[in-house]
Amino acid sequence: MLKNRIIPCLDVKNGRVVKGINFVDLKDAGDPVEQAKIYSDSGADEICFLDITASNENRDTIYDVVKKTSKKCFVPLTVGGGVRSVEDINKLLNCGADKVSINTAAVQNAEVILESSKKFGSQCIVAAIDAKKNENKWEVFTHGGRNNSGIDALEFAKKMEDSGAGELLVTSMDRDGTQVGYDIDLMSKISSIVNIPVIASGGVGNLDHLVDGIKLGKASAVLAASIFHYGKHSVKEAKEYLDSKGIPVRI
Amino acid sequence: MKLTIVDYNSGNISSVVNSFKEVAQNKVNVEVASDLNKIKSSDKIVLPGQGSFKSCVDAINSINGLVDSLNEFAINQKKPLLGICVGLQMFADKGYEELETKGLGWISGKVSKIDNQNGKYKLPHIGWNQINIIKKSKIFKNIENNSHMYFVHSYEFIPEDKNVISATTDYSSNIVCSVEKENIFGTQFHPEKSDKIGLQIIENFIKL
């Protein structure tokens with residue numbers, strides 16, 4: 001039976017982890033390689049790096065991070081943030097990323113998804129959708145949640161599937177950082193209209209939220225950042241909890 | 001011992017290279033090449049594959065003499081070869097992704113789309129699934145039955161001779177996920193992304 005996945009996400013800025021696991025015995029809390037290794041040893045099903053480097057001159061730092069991590073971590077590695085072109089995707093894959101998530105560039109031009117999925121295969125193309133509720137619908141936001149494209153998130157999800165994306169990473173902008181749980185309504189609606197796996201993101205504050213994301217939100221995988229930071233919960237604990245709730249996980 | 005990972009522009013092979021180098025350390029010489037002479041002088045070959053069946057077959061055919069060299073290596077000399085994902089699928093006679101495409105024809109059978117039972121199952125089949133070992137295979141040494149492996153694919157290999165199947169996995173149906181025919185080995189899952197248990201399979205292949 002296929003297992004639901006737990007994916008810890010690390011924010012990386014200028015090649016350093018911004019909010020990471022704060023273990024006492026950690027040599028360098030800012031080292032993405034060391035953090036990723038801790039997660040994979042703890043049973044993470046995949047690792048996600050979100051590059052939030054703001055300045056262009058430091059953009060190349062992520063390539064070095066991916067290169068080093070992929071030599072030490074033997075679970076799938078997804079990298080996103082600031083990916084603009086097919087060439088950016090190519091570079092990340094060559095450095096050892098297994099999947100690349102594309103957000104703003106896909107909204108501006110769906111051809112990026114079409115072209116890259118043809119060139120590299122759908123299995124490595126993740127369309128990242130940042131959605132925010134506006135009355136009865138959700139709208140797609142770009143540029144790290146700063147700009148509203150006005151595009152309907154459900155229609156956009158379908159378009160991403162049709163363009164060849166292998167997975168959707170759906171983040172609720174309303175919930176991101178709030179720790180009150182995923183936007184279940186958004187997740188379940190998107191998951192029911194597409195036939196590709198959905199990764200739920202944004203809002204996890206406790207382990208029950210992960211359960212809800214899968215059971216109610218119909219997500220194939222759940223992504224979380226802050227609950228795994230500062231050692232609040234380990235990935236292992238999260239998996240044992242999901243298992244106790246009858247959710248199939250890899251233990 | 002020299003092991004060659006065939007680089008025929010089939011997409012991203014970094015993870016395959018990293019994992020084999022990690023396992024081999026300095027004991028085994030791991031090379032990445034499409035050079036025919038290097039392939040001929042290898043003791044073992046790994047054939048990765050990403051993207052569609054057709055794009056991989058096209059890429060292999062676009063390197064002059066590569067198919068002949070692989071045939072010589074695997075069929076005539078019977079030296080060990082491991083196909084991963086589409087690398088395994090290409091063992092078939094035919095694939096039906098995009099267009100009907102001729103495969104390497106090493107193991108009779110076809111590659112067709114996984115039946116998603118009218119959308120009941122998501123495709124691609126992505127994530128960790130357990131393998132049911134149904135035949136003793138040399139690459140499964142020290143691998144327990146029901147171990148988790150990482151999968152990502154929408155097409156499955158259906159061999160004619162069921163005796164070549166060494167493991168299956170349970171999704172919308174029973175999917176062939178590992179084959180062994182004499183010196184030819186293949187996994188539909190990605191040992192290079194299946195954590196320690198995947199590295200064990202790589203080690204088993206290296207130690208053959």
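The model is predicted: local features need pLDDT of at least 70, side-chain atom pairs count only at pLDDT 80 or more, and totals for chains, interfaces and linings use all residues. Residues are numbered from 1 along each chain as its sequence is written, and chains are lettered from A in the order in which they are written.

Chain B has six helices and 13 strands (DSSP runs: H or I, at least four residues; E, at least two; numbered from the N terminus). A compact globule of 208 residues would have a radius of gyration near 17 Å, so the 16 Å of chain B agrees (taken over C-alpha atoms; the rule is 2.2 Å times the number of residues to the power 0.38).

The contact takes 30 residues from chain B and 29 residues from chain A. Two residues are in contact if their C-beta atoms, placed from the backbone, lie within 7 Å. These elements of chain B give two or more residues to its side:

| Element | Residues |
|---|---|
| α1(B) | 14-24 |
| β8(B) | 125-133 |
| β9(B) | 148-153 |
| α6(B) | 195-207 |

The largest share of that side, six residues, comes from β8(B).

A nonpolar core joins buried Ala, Val, Leu, Ile, Met, Phe, Trp, Tyr and Cys residues through C-beta atoms within 7 Å. Buried means 20 or more other C-beta atoms within 10 Å of a residue's own, placed from the backbone. The largest core has 82 residues; V100(A), L168(A) and V170(A) touch the most other members. Strand β6 of chain A (residues 125-134) gives the largest share, six residues. A second, separate core of 61 residues includes L3(B) and F20(B).

Terms used:
Buried ≥ 20, exposed ≤ 12 C-beta atoms within 10 Å, placed from the backbone.
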